[in-house]
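The following exercises concern the structure shown below. Work through each task before reading its solution.

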Amino acid sequence: MNRINQKLKEDKKLLSIYFTAGYPNINDTVSIIQDLEKNGVDIIEIGLPFSDPLADGPTIQASSTLALKNGMTTEVLFDQLKNIRKSVNIPLIIMGYFNPMFQYGVEAFCKKCQEIGIDGLIIPDLPVDVYHEKYQTIFEKYGLINVFLITPQTSDERIRYIDSISNGFIYMVSSASTTGAKVGFGEEQTQYFERIGNMNLNNPQIVGFGISNNQTFTQATQYAKGAIIGSAFVKHVTNEGANSIDNFVNSILN
Amino acid sequence: MTKNMKNYNVNEKGYYGEFGGAYIPEMLYPNVEELRQNYLKVMAEPEFQKEFDQLLKDYVGRPSPLYFAKHLSEKYNTKIYLKREDLNHTGAHKINNTIGQILMAKRLGKHRIIAETGAGQHGVATATVCALMGLECIVYMGEIDIKRQAPNVARMKMLGATVIPALSGSRTLKDATNEAIRDWINNPVNTHYIIGSAIGPHPYPDMVTKFQSVISEEIKWQLKEHEGRENPDYIVACIGGGSNAAGTYYHYLHEEDVNIIAVEAAGLGIDSGESAATSVLGKAGIIHGCKTLLMQTNDGQITEPYSISAGLDYPGVGPMHAHLCKTGRAEFMAITDDEAMKSGLELCKLEGIIPAIESAHALAIFEQKIFKPDDVVVVSLSGRGDKDLNTYINYFNL
């Protein structure tokens, strides 16, 4: 069974952390992953940097720009990760935009992911219908779970459709925004979380966007299986460096 | 359209051959889907058409003349007609699209308008129609372009628009487009994004093409008056994203006897590393929500194009043009900065018309390609050169 599905069965609220590969230094990738696991993170999203990250706010944009400047490429990332399964057991997801994967070759990319032990992908600009029509069989052949996003504006009908195509979890974007744009949740968000919760979807939901500390993590996981932190973690790494991950994770979980 | 001819229009899924589609984050889906479901319906409404046509006539000043360029024709020993989009209100073809899209936005109940701009022409055209309709207007413009194009920034401000600098990436058109898309993600309900070229997720390339297709619709009857036939032998336009080209070609796409020429900016030369000749340097990829030909690294990172003309300085090309290129329906030519500047000045001297540097690229093909004396060649003169005065002054030490 895919590590993501196994993890989702655990009787706990899951903390997922996103970081940009190659940031702040090109060779931080492996140590960041190891430290996140050691400190109790449940799922890691490894950001494959892109020159034009449309869905991201300034924090992740800046980290992506610097990572590319540092020399991060798809090849370099795969090379850094080639022995990752010797030391890391939690689910690993690559999150990135479609063009670098498309250039690498979607099948070659998926094959490489399987060899390394990547469990899933999040590709914000690969629409669900294109995935379903063209790439789903390839992803499944290599045992990869593709994670789709839903937002407060996504219709119930479309959520049901996305649920039917998904086989891991649904990435529940907390509000209509780019990453890192808003912090905290208002009534609108909690109503949306409740609405989705009441739909009894097949796939559990993990909330992303707007989670930055223990309070927002606790709020989000009242309604969902877990929560994802991206920009706040990238900011932490920017300010404190890649060697103080324990402080960050502890501040979220305790 | 004859039976053995390919279809060059968009299909029901939003593709031109392998190009097009809507590669957008889920956050944009409701907006783009709303537009997709409504745009053809709205455009077909008699009231919409009436208002669009009326504004093009009374406000933009259409039809724009089809001018027989006698001296240019003598020099190159062929029959050259110029489609005078430079005479439109705001000085270029851009306004055809912004008029159409502002009417669309109103029909969809949107009251906040966003746009991207490179040199500022589309920004000015958007600010203009927003002033006309009394809608809020926010224009994203790369920080570097804001410095390079101060007069257009001032124009937009005078027209009531807010100009927001794009500070990310290379701080030019590509990044301004990213910022506009991010704005739309953050404002999913009340906002319409007026994309300025035949790019972006479906239905944008098709919608922009249809609004610009007034250009070829007019050429048909105007050429009939001049030459007794609707079809020229060649139809020529410059291509950045490709909106003036899309409009210039539209009614000729399926006319087999009409040769289509697309003129890209070679910048300092195709192999110089400073170029915007996407058809040569690009390969299939995803940019700003569509699959098209795109300048990028082997690793799939989008690269920075270069051209002396800000309007051609885009790393991609509209998906319709990518398809025209791939199928061979259009002949793609590349013109360097120097060749374009020379042809721009030549048009001033021969015909008394100062062209935009974008349009000067289209005129420069006559130095490269020999036409027959009785060939009828229609060139889209997409914009006037007033905005480029500084570039002309610096280039020629005027």
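**Exercise 1.** How many residues does the contact take from chain A, and how many from chain B?

*Solution.* The model examined here is a predicted one. Chain A contributes 37 residues to the contact, and chain B contributes 34 residues. Together the two chains bury about 2900 Å², of which 53% lies on carbon and sulfur atoms. Within the share that chain A buries against chain B, 22% is supplied by D52(A), L54(A) and Q103(A), more than by any other three residues.

**Exercise 2.** How many salt bridges does the rule find across the interface of chain A and chain B?

*Solution.* The rule finds 3 salt bridges across this interface. A further pair to inspect is R158(A) and E26(B), whose side chains meet in a salt bridge with an N to O distance of 2.6 Å.

**Exercise 3.** Is helix α8 of chain B mostly covered or mostly uncovered?

*Solution.* Helix α8 of chain B comprises residues 173–186, 14 residues in total. From its first C-alpha to its last it reaches 20 Å, close to the 20 Å expected at 1.5 Å a residue. Of the 14 residues in α8(B), 13 are buried, and the helix is thus mostly covered.

**Exercise 4.** Which residues make the nonpolar surface patch of about 280 Å²?

*Solution.* The patch is made by L389(B), I393(B) and L398(B). I393(B) is located in helix α16 of chain B, residues 389–396. I393(B) has a relative accessible area of 33% and is therefore partly exposed. This value passes the requirement for patch residues, over 30% relative accessible area.

Notes. Residues numbered from 1 in each chain as written. Chains lettered and ligands numbered in written order. Predicted model: local features only at pLDDT ≥ 70, side-chain atom pairs only at ≥ 80, totals over all residues. Heavy atoms only, no water. Helix = DSSP H or I, 4+ residues; strand = E, 2+ residues; numbered from the N terminus. Expected span 1.5 Å × (residues − 1). Buried < 20%, exposed > 50% of the residue type's maximum accessible area, 1.4 Å probe, protein only. Patch = residues over 30% accessible without salt bridge, like charges linked within 9 Å, V, L, I, M, F, W, Y side chains within 5 Å. Areas by Shrake-Rupley, 256 points an atom, 1.4 Å probe, with all protein chains shown as cover. Salt bridge = Lys/Arg side-chain N within 4 Å of Asp/Glu carboxyl O. Contact = heavy atoms within 4.5 Å. Buried area = accessible area lost by both parts, 1.4 Å probe.
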